Amino acid sequence: MEQTEIKHNADNAIENNKKRNDILLIVGILIGIAILAVVVWLVFFQGSGTKAVVMVNDRVIFEQELTMDCQLPIQTEAGYNILQIQNGEVRILEADCRDQICVEHVSINKKGETIVCLPHKLVVEVQ
Ligand SMILES: [Zn+2]
């Protein structure tokens, strides 16, 4: 009687172990799927922005959708910048700032990317 009891317990332990492994495997797969979903979401939906936000002195002066190609002159006290939106990308086409860093900056189109024109205290951010 005792013998069978012990054997039974041992079987139970093995069975429980198997169950635990199954649960771990399922949890692992679920975490894997969740991570994959987040990555896919980030790449396809968060990766490229939808609008350019222009700020001067940390104040938003206007926003422009990236779907429409256009050239927008931005006049500030310090000078002017011409913002260009083309094929969903933003760049500074022209400016009269002294360093021209904003003009030389490559086009941006990803969320959170910025072009800064320090002399004009101008920031263009993709959101
Ligand atoms: Zn500049």
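Predicted model: local features only at pLDDT ≥ 70, side-chain atom pairs only at ≥ 80, totals over all residues.
Student: How many bridges join strand β1 to β2?
Tutor: Strand β1 covers residues 51-56, and β1 and β2 run antiparallel. In general, strands of a sheet pair through backbone hydrogen bonds, either parallel or antiparallel. The number of bridges joining β1 to β2 is six.

Student: Which strands stand at the edges of the open sheet of four strands?
Tutor: Reading across this sheet, the order is β2-β1-β7-β6, with antiparallel pairing. A strand at the edge pairs on one side only, and that applies to β2 (59-65) and β6. From one strand to the next the twist averages 15°. The edge strands are therefore β2 and β6.

Student: Is Glu-113 buried or exposed, or does it fall in between?
Tutor: Glu-113 lies in the loop between α2 (101-104) and β6 (114-117). Apart from neighbours within four places in sequence, Glu-113 is in contact with Ile-108 and Val-126. A residue counts as buried with 20 or more other C-beta atoms within 10 Å, and as exposed with 12 or fewer. Because Glu-113 has 19 such atoms within 10 Å, its class is partly exposed.

Methods. Residues numbered from 1 in each chain as written. Helix = DSSP H or I, 4+ residues; strand = E, 2+ residues; numbered from the N terminus. Contact = placed C-beta atoms within 7 Å. Pairing = 2+ DSSP bridges. Axes fitted to C-alpha atoms, helices over the stretch in contact; angles between N-to-C directions.
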